[in-house]
Each structure stands twice: as structure tokens, then as C-alpha cells.
Amino acid sequence: MKAQTSKNIDTQRLLMGNEALARGLVENGCTLAASYPGTPASEILAAVAAFAQETGAPLHAEWSVNEKVAYEVALGHSYTGGRAAVAMKQVGLNVASDPFLRSAYLGVKGGLLVIAADDPGPHSSQTEQDSRFFALFAKVPVFDPSSPREAKDMVGQAYELSEKYELPVMLRPTTRVCHARQNVPLYPPRKLDRPPHFDKNPSRWCATPQFLTALHRLLNDKIDQIARLKEFAPLLTAGDGSFPGTCVIASGVAFAHTWDLLADLGLLGQIDYYQVTLPYPLHQDFVRRLSLDYSRVLVIEETYPVIEMQLAHHHVQGKRSKAVPGAGELTPEVIRTILERFLNLPHKHAPVGLAGGGTRPTLCAGCGHRAAFYAIRQTFPDGIFPSDIGCYTLGLNLNAVDTVHCMGAGISQAAGFYHAYAAGGGEVPAIVATIGDSTFFHAGVPGLINAVFNKARFILVILDNATTAMTGHQPTPEKGLTATGEPGRPVLIADLVKACGVRFFQECDPYDLATFMALLQEAHQYCRRADGGVAVLIARHPCLLDREAWRSQASYAMAVTENCIGCRHCLDDFECPGLIFDEVTDQVDIDPGRCVGCGVCVQVCPAGAIEAREKGVGGRL
Amino acid sequence: MKQQIIVSGLGGQGALTLTRLLAEAAQAAGLEVITSETHGMAQRGGTVISMIKVGAFKGPLIPAGEADVGLFLHRDNLAVHRFYLKPAGAVFINSSTPGDYDKVDGRGLAQQQGLPLVAANLILLGYAAGKGRLFCGPELMEQVITEKTPARFREANLKAFRIGLDAVAARDRWTGEPT
């Protein structure tokens with residue numbers, strides 16, 4: 001037993017895809033990693049910091065305020081010859097697209113890796129866009145790993161490619177790679193020993209339009225050369241001739257799923273099966289050979305037809321021919337059906353799950369956001385509620401979130417709503433925008449400056465739980481802790497709000513519903529005043545997933561008395577998972593497994609049937 | 001050896017801990033392993049599922065109807081995720097309600113023994129290990145829990161795991177060689 005458990009312990013470790021990517025960065029001599037958290041990429045940066053610490057590798061890891069900033073920090077580092085990486089979720093690349101596209105023209109010095117994690121499905125994103133398309137648009141090479149192990153291997157290849165051609169290189173994992181766990185071999189970090197040195201070159205680093213055509217031509221040449229590199233030609237698992245003139249091409253995790261399915265069907269080694277590891281630029285000779293050697297080709301890739309569109313082949317089956325669904329995740333069940341149709345196999349009836357089954361996500365018991373949303377909704381039953389991206393998107397369940405678009409959009413959308421109603425001449429409804437603390441730093445500040453200056457009138461509630469909760473508690477600039485856990489120089493939300501020109505500003509713990517509701521009314525009056533404008537409230541309550549925060553607040557033994565009239569107000573409008581309905585008694589009860597004893601629901605119950613007791617027994621009395 | 005396992009629960013019930021421990025046990029046994037987990041929005045109390053594939057697999061997802069073992073942390077999830085199980089797959093549930101599955105009242109046992117209710121996850125794992133339906137025996141699993149659990153949770157996790165093992169009736173207890 002002992003021998004078994006210690007086997008390979010030094011050379012192999014069970015790593016999540018994001019950890020494998022992080023380990024790859026540290027092993028390959030990366031000296032700066034910057035990121036903004038977002039599912040499915042969130043775990044990469046903390047793992048980079050941890051592996052650097054564990055191995056003693058010198059590395060600056062930072063949570064940047066947003067992806068554009070992260071990209072530019074990494075770019076600056078690369079200009080000095082060091083290896084840099086920037087990690088983000090796919091929509092983060094939208095934010096970073098400005099520096100990203102130009103960096104293809106100007107190029108890099110030290111290797112620059114852009115990790116853009118896609119979310120086919122999507123499971124936890126506002127689109128299921130394909131970052132490989134972004135790479136193609138930017139003319140940047142992109143790797144598409146099928147597993148954590150492969151993702152780690154590709155980091156080294158990507159760095160070499162990046163430095164050889166002085167180009168940023170993208171690595172595009174998807175959710176199923178990021179959040180897969182696999183045993184992965186570990187190696188010691190490489191020491192590159194590159195003292196930082198910046199070569200001034202204005203015609204390149206400051207390239208004005210007169211230089212850009214030449215730079216664009218150079219970029220095209222680089223891409224042409226990379227498309228001819230043999231080492232990035234698709235990898236063939238050859239068939240035995242059972243399917244003449246037929247092949248299947250796949251990339252990313254769809255390659256892994258298809259591999260398992262072909263193995264299960266006994267077709268592995270019978271049909272020619274290609275894995276594309278570099279979907280852009282697609283290997284030139286592969287494209288040419290394909291049209292000569294095959295009359296039937298099936299392409300399986302997530303999420304857009306990136307490989308498919310580069311194949312000048314009339315007999316390609318894929319997303320454009322509708323052989324492969326054009327939206328949604330390519331799960332094993334979906335791919336099985338695709339293979340059955342393409343290869344004329346008998347259909348296997350797989351059992352199906354309950355459509356729309358399961359429990360929907362909800363704000364945690366004791367979450368300060370719930371109290372804030374309840375107060376907003378109760379104060380302004382007819383209000384309009386633009387909101388934003390984060391845990392608090394779940395304010396949807398409390399009917400206190402009407403729009404969710406992209407990071408920071410809620411504030412500007414609120415301004416848009418105001419100007420529309422104000423110009424309409426009729427009654428302007430109460431407009432209450434909500435945004436989380438981390439999102440406010442990320443993209444909220446310009447929207448607030450814009451709204452103030454252009455004389456919009458609405459209430460902005462900044463939901464400050466002192467962390468980036470949804471993605472796993474990364475520190476915000478206000479917290480004053482860097483990604484490596486050292487003290488930083490805190491930037492305060494209150495200072496920012498005032499500096500944005502806001503004249504009405506209050507802070508409150510939303511647990512105190514009466515006070516918070518009174519402040520909302522006061523803010524509303526300010527919006528209506530002749531000299532009024534944007535009113536800002538900070539609803540401050542720490543996230544209780546931070547156990548320290550939970551332990552340091554009062555916790556009550558909650559109880560529901562016989563006075564409960566079963567009106568369900570606390571369930572429908574407050575929706576705390578610590579409250580459950582007993583169908584037998586037609587009354588509400590406390591779920592002791594989930595109730596955290598915050599006591600806010602006492603203020604919510606119209607019958608006064610919920611009690612908070614300092615000591616003693618909770619639950620139904 | 002090939003085995004495919006699903007762990008189904010609600011966000012916060014400790015499905016990720018079970019997934020991690022099963023994968024560590026596979027690695028400790030010298031087997032290939034790949035898992036899939038739910039992160040992000042659904043973790044906020046929503047329905048979550050993890051998959052563990054032990055043996056020569058490349059992809060992290062288990063197709064419908066192919067799982068050998070299902071560990072359900074919540075009975076309501078049965079309706080949502082049972083379709084992943086093979087017809088002859090073993091279903092273990094943290095529940096006090098009898099049904100067409102193998103149940104252990106992890107929540108009740110945790111409460112009785114003064115453990116936090118979330119310890120029901122380790123009780124369920126101990127129970128399944130005790131029934132001998134996992135790719136490895138209880139001894140290896142116990143060793144992995146000892147080695148891989150952060151110090152502050154170690155005692156509670158081991159205690160919960162043993163409660164689960166002991167909940168297997170003596171005549172049902174697995175007596176095979178440790179894997």
C-alpha cells in the first residue's frame with residue numbers, strides 16, 4: 001500500500017487543466033503572469049503564483065483590474081525580453097481586443113502567451129464565442145489542447161513559436177479542459193536568466209500608419225511560414241482502409257470525446273482520424289492533401305467552424321453542412337449521433353436526462369446581496385433594474401435584475417434608460433443599477449464618469465462584498481492584497497465614486513433593511529431634485545463564503561413560530577435557501593444545514609413569525 | 001481497469017472534494033484518471049455533477065448510460081442525473097428515504113456524531129467504498145484522505161469516512177484484497 005501511494009509522487013501530480021497551464025508557464029520560464037478572473041479561466045493565476053512560490057521561480061503574478069490592462073502589462077514585460085502570459089475567459093478577450101489585435105502587427109520580444117478560455121455550452125458565460133476565430137481575425141497562431149496534460153505541453157511549444165516569430169501566441173482551452181483533472185508529469189522550472197532590456201524602436205513600438213502596411217506584410221509572411229511548419233501538421237491515427245477516402249478531423253476536447261467514442265465503437269484504427277493541435281494557421285500541406293486524398297471529410301470542433309472554413313474542400317461535413325450542430329457544447333452524446341450519421345452506423349438509443357431539471361443556482365444563505373435586492377425591489381416595485389456580471393446576477397431570482405449584458409454595462413444602460421424616459425416626456429420610473437465591487441473596478445468607472453457628466457439621473461448601488469466572489473474570491477484593489485498575498489496599496493471605492501463627480505453618496509450595511517430602504521428613498525429624492533444627478537449607495541457586507549467574515553458576525557438560532565401564515569413571501573420574494581416550505585403543515589421551516597443565522601429574514605416576515613434567538617434551539621417551534 | 005463514476009449534488013455539498021479524492025486514489029493506485037467538474041455560477045447552490053473516468057480514456061465526460069457508479073449527495077438529483085448510469089450501475093445516495101437505490105443517511109449520521117452536515121459527502125464515500133463497488137478498496141481511500149486533506153479538516157473527514165464504512169451492514173461489507 002505505502003509503495004503504491006508514493007509511486008510517481010515526485011514526477012506526477014493530479015492537476016486541474018488550469019493548474020496544468022499554470023505549471024507549464026512556471027516550467028517554461030514565464031516571469032510575468034497577469035489575469036482578470038472569469039470562469040473557466042479563474043484558477044490559472046493563483047496556481048501560477050503557488051507553483052512559483054513552491055519552486056522558487058522568480059515571477060510577478062498579478063490580478064489586473066481588467067483584461068485589457070492585464071494584456072498591456074504582459075505586453076510591456078515582453079518588450080524587455082522576458083516571457084509573459086495573460087489569462088482570461090473568452091469574453092475577457094473582447095475587453096483586451098484592442099491591444100491584442102495591434103500586438104500581432106507590432107509583435108513581441110519575450111514570448112507572450114494569450115490564454116483565452118472558451119466556454120462552449122455556455123456553462124457560465126454571456127456568449128459561447130470561439131476565441132480561435134479571434135486568433136484568425138488577429139492573425140495570431142492558436143493552440144487547441146484536448147486535455148490538461150496536452151495543455152501543459154503546448155505552453156512550451158507556444159513560447160518557442162512566439163519567440164521564433166516574435167508574435168503573441170494564443171492557447172485556447174475550453175471549460176472541459178480547464179476544469180478537467182488529470183495526472184500530469186512535472187518538471188523543474190527552466191531558468192532563462194534574461195536581464196530585462198528594452199530596445200527602443202519607434203518605427204515598431206510606436207508604429208504610425210506609414211509603417212503599418214509593412215508590418216502587416218511581415219505578419220502575413222510569418223503566418224505563411226508557420227502554416228508550413230511540419231511539427232504543427234495535424235496528427236494522424238491511421239485507419240486500416242475499412243473506410244476508404246473517408247476521414248474524421250477534430251480538435252480540442254471534441255478530439256478526446258471522439259477518440260473515446262471511436263474506441264468504444266471499435267473504429268479506432270479503422271478510419272483515418274486527425275487531431276488538429278494548431279487550428280490557425282491550418283497546416284498548408286494538410287489542406288492541400290486533404291482535397292486529394294479524401295472524398296468524405298467530417299470536422300468536429302467547438303464552437304465555430306474555424307478549421308472547417310480554412311478547408312478548401314467541397315465534401316466537408318461540419319457546421320456549415322449542418323452535420324454538426326452550429327450551437328451548444330459537443331458532448332459525447334451529440335458527437336455519437338454525428339458519427340453514426342456520417343459513418344452509417346446503427347443508432348444507439350442513449351437514455352436522456354430530465355430537460356430543465358435540477359435546482360437553479362441562488363445567492364447563498366446570509367448573502368448581503370439578497371438583502372440589498374430585497375430592499376430595492378420592495379422600495380421600487382415598478383423600478384427598472386439594470387445589473388451586471390457576478391454572483392449578484394442571481395438577483396434575477398428576486399426580480400431585482402432586469403438586464404445583464406457585459407462587464408460594466410449596467411451603469412451605462414441605466415443612463416440610456418434615463419435619457420430615453422426623460423426625452424419621452426412622461427413619468428421617469430425609478431432606475432436602480434447594481435454592480436459588484438470587482439466589476440465596478442473592471443469597467444464601471446468610465447460608465448459612472450460618463451453618466452455624471454452627461455447629467456443622467458439614477459441610483460447606482462455598488463454591492464461591495466469585499467471580494468470577487470463568483471470566481472473564487474480573488475482580492476479586489478480595495479482589499480489591499482496582491483495575487484501573491486502581499487499587502488498592496490489599496491484603492492477605495494468611496495474615493496473613486498467621489499472623484500467621478502458624484503454628489504450624493506452614502507454607505508450602508510444592507511442587513512439593516514429599514515435604514516437601507518430609507519437611503520434608497522433619499523437617493524430617489526436626490527435624483528428628482530432640480531440640481532440632482534446620479535446617486536450612489538455602497539451596500540457593504542462581506543461575502544460569507546469568507547469563513548472569517550462569517551465567524552466575526554452575529555449568528556442567531558433562527559426559529560419559525562406558529563404565527564407563520566404560509567404566505568410564502570419569504571420564499572418567493574426573499575428566496576433564502578435556509579428557508580424551506582413544509583407541504584404537510586403549510587408553513588415555513590428553517591433548514592439547519594443551510595441557514596447561517598444572519599437574522600435578516602426576521603425583518604422580511606409580514607406575520608412576525610420568524611425569530612432570531614441568541615441561544616437555544618432553532619428550527620420549527 | 002476501467003471505471004466511470006459520477007458524483008451528483010448541489011453546489012456547496014462537497015461534490016468537488018469527493019471528485020478530487022477519487023482521482024487522487026486512482027493516481028495513487030497507478031491508474032490513468034481524468035475528471036470533469038462544475039465551477040462558476042452553478043456552484044451557488046445549483047445542481048452540480050462531476051465525472052471521474054479511471055483507466056484508458058482521453059475525454060473527461062461520461063456519455064449517458066455509461067457510468068458504473070453514481071454517488072448522489074441529494075436525492076432530488078436522482079431524477080436529473082440517473083440517466084448517466086448503466087442499467088446495472090451502482091447507485092449510492094445520501095438520504096434517509098428508502099427507494100430503488102442503496103442509501104445511507106449521511107446527514108443524520110453526521111448530526112448524531114457531532115460532525116458538520118457537509119460531512120455527509122465523506123460518509124457517502126465511506127459507504128460506497130465499504131460496499132466494494134469502487135475501483136479501489138477502503139484502505140487506499142483512507143490513506144488518500146489522510147494524505148490529501150488539509151490538516152484542519154483531516155480528523156473530521158477520516159471520522160466521517162469511517163462512519164460511512166461502519167454503516168455498511170457486516171454481511172454486506174467488502175472483504176476483498178485492497179486494490
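Domain bounds, as used here, come from an automatic or database domain assignment. The structure is a predicted model, in which local features need pLDDT of at least 70, side-chain atom pairs count only at pLDDT 80 or more, and totals for chains, interfaces and linings use all residues. Residues are numbered from 1 along each chain as its sequence is written, while chains are lettered from A and ligands numbered from 1 in the order in which they are written.

Chain A is assigned domain 1 (11-226), domain 2 (232-342), domain 3 (368-542) and domain 4 (554-620). The centres of domain 1 and domain 3 of chain A, taken over C-alpha atoms, are separated by 33 Å. Their contact (two residues are in contact if their C-beta atoms, placed from the backbone, lie within 7 Å) takes 16 residues from domain 1 of chain A and 14 residues from domain 3 of chain A. On the domain 1 side, the elements giving two or more residues are α3 (43-55), β3 (60-63) and α5 (90-95) of chain A, where helices (H or I, at least four residues) and strands (E, at least two) are DSSP runs numbered from the N terminus. This side of domain 1 has 9 nonpolar, 5 polar and 2 charged residues; Ala, Val, Leu, Ile, Met, Phe, Trp, Tyr, Cys and Pro count as nonpolar, Asp, Glu, Lys and Arg as charged, and the others, Gly among them, as polar.

Helix α3 of chain A also packs with helix α2 (residues 17-27) of chain A, at an angle of about 45° and with the axes 8 Å apart; axes are lines fitted to C-alpha atoms, for helices over the stretch in contact, and angles run from 0 to 180 degrees between N-to-C directions. The two helices α2(A) and α3(A) are therefore oblique to each other, since angles under 35 degrees count as roughly parallel, over 145 as roughly antiparallel, 65 to 115 as roughly perpendicular and the rest as oblique. Among the residues that meet are A:L21 and A:L25 in α2(A) and A:V48 and A:F51 in α3(A), and the contact of α2(A) with α3(A) divides into 9 nonpolar, 2 polar and 3 charged residues.

Between the chains, 42 residues of chain B are in contact with 44 residues of chain A. The elements giving two or more residues to the chain B side are α1 (15-28), β2 (33-36), α2 (77-81) and α5 (138-148) of chain B. Strand β8 (residues 180-185) of chain A pairs with β2(B) in the antiparallel sense over 3 bridges, pairing being assigned if DSSP finds at least two bridges between two strands. Within β2(B), B:I34 is the bridge partner of A:Q182.
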